Amino acid sequence: MRVYSGIQPTGRKHLGNYLGAIRHFVTGQEDASAAGDDAIFCVVDLHATTVAYDPAELRDRTYDTIALLLAAGIDPERSILYRQGDVPEVPELTWLLTAVTAHGDLNRMHQFKEKSGQQRELVSAGLFLYPVLMAADVLAFRADRVPVGDDQRQHVELMRDIALRFNARFGGAAPDGTGGTEILTVPEGIYPTSGARIMDLQAPEKKMSTSSSTPEGALYLLDEPKAMEKKFKRAVTDSENPPVLRRGPEKAGVSNLIDILAAASDRTPDEVEASLVDARGYGDLKAATADAVITLLAPVQERYAALREDEAAIEAALAIGAEKARAIARPVVADVREAMGVGPRA
Ligand code: TRP
C-alpha cells in the first residue's frame, strides 16, 4: 500500500493547514511505517509556476514548506519527502498522460475556472494542465491512496479517469478497469471527515485561508505566541447572554473555537464542552484555546527555526528524497513509454 500527499509551497501555512493536513501527514507516516507501507510527501514547486509568481520567492517558500514538514515530524528516513521539480519523470509523465486526457474535462475543472478568472496578465497553459501534472504526481508512484482536502475531489476523480483510460487504451483493459494489464494504479481519494474544518477566526462561516482571510482571521503557524493570544482574544463569538459554551447552529464562532481546542488538545468536542461547564464566559474558552494551540505549536516552531536556517541540510534531505522518488517513478514511466510506443523497443 502506498499513500501519497502533495502540498503547495505557496503562502504562509496556517492552523487549518496544520490540523487539516500536515498533522495527518505525520500520522499517515506512522501508520504506514507500522504496516510496512510507503508514505510519500511532495512539495509541488512545479504547480506553483502555473500562476504569476516570483522565482526567488518560490525557492524560499519551498524551503519554508520542507522545513515545516520536517519540523512537524516528517522523517525523511522513514518516508519519502521530495521536491516535485527534482523528479523529471513527473513532467515527462504529465506530457504522456495528456494523450488520454480530455480537453473538455480540463475545461470543466472548478479550480481552473476560478483561478483563470483571477489572472491579470496571463492564463497559462500550465494552469489548464495543472490537474494532469497532479495526476502524474500520483500515478508515477502507483500510489493507492491520496489524502486531500475536499476542494481536490474533482482533481482526484480526473486522475482516476486518466488511469482507467490509460489502462484501457494501452493495456487492453475494459473501461471499468477489469481485464488487460493494470499499467497504472487507479488511486483512491481519502477525504477529511466533517468537523475537521478550521474556520476563519473573524468570519467563522468561511474556511481559514491564506488568500481570503484577514490577517486577524487566520492563525499562522509561525505567529509569535503573543500574536496568537491576541487573535484568539479577538475571535468572533456571539452575543448570547448568558454565554453558552457549546457548539450549535448560529454559533459558528464558538463551535470553531471548541473544534480547535478539541483538535489541539486531542479530545473530542464533547469532552471539551464537558470541561467548560464551570467556565465563566467566552474569555475562558478563548484563553484555553490559545493555550492549547500555543503548546501544540511551540515544539514545531522551535524545530522549524533551527531547520530553516540550514538550507544545505534541507538540500541534503531533499537529495535523498529525490533519489528514492526517482527509483520508484523511473520504471513506471518506462512502462508507460513502452506501452505507448515512445522511444526504443524495451
Ligand atoms: N493540488 C493539491 C492542492 O492544491 C496539491 C497537490 C499537487 C497534490 N499534487 C498532488 C495533492 C498530488 C495530492 C496528490 O492541495
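Predicted model: local features only at pLDDT ≥ 70, side-chain atom pairs only at ≥ 80, totals over all residues.
Local features of the model need pLDDT of at least 70, side-chain atom pairs count only at pLDDT 80 or more, and totals for chains, interfaces and linings use all residues. Residues are numbered from 1 along each chain as its sequence is written, and side-chain values use heavy atoms, with hydrogens and water left out.

Me: What describes the packing of helix α4 and helix α7?
Reply: Helix α4 (residues 89-98) and helix α7 (residues 125-139) have axes 8 Å apart, at an angle of about 115°. Helices here are DSSP runs (H or I, at least four residues); axes are lines fitted to C-alpha atoms over the stretch in contact, and angles run from 0 to 180 degrees between N-to-C directions.

Me: Which residues of α4 make the contact?
Reply: Contact means heavy atoms within 4.5 Å; on α4 the residues are Val 90, Leu 93, Thr 94, Leu 97 and Thr 98.

Me: How many residues of each class does the contact of α4 with α7 have?
Reply: There are nine nonpolar, two polar and one charged residues.

Me: What makes a set of residues a nonpolar core?
Reply: The members are buried (under 20% relative accessible area, 1.4 Å probe, protein chains only) and are Ala, Val, Leu, Ile, Met, Phe, Trp, Tyr and Cys residues joined through side-chain atoms within 4.5 Å. The largest such core has 53 residues, and Leu 15, Phe 232 and Val 293 have the most contacts inside it. Its largest share, nine residues, comes from α12.

Me: Which residues does the second, separate core include?
Reply: This core of 46 residues includes Val 87, Met 109, Phe 141 and Ile 183.

Definitions and conventions
Helix = DSSP H or I, 4+ residues; strand = E, 2+ residues; numbered from the N terminus. Nonpolar A, V, L, I, M, F, W, Y, C, P; charged D, E, K, R; others polar. Buried < 20%, exposed > 50% of the residue type's maximum accessible area, 1.4 Å probe, protein only.
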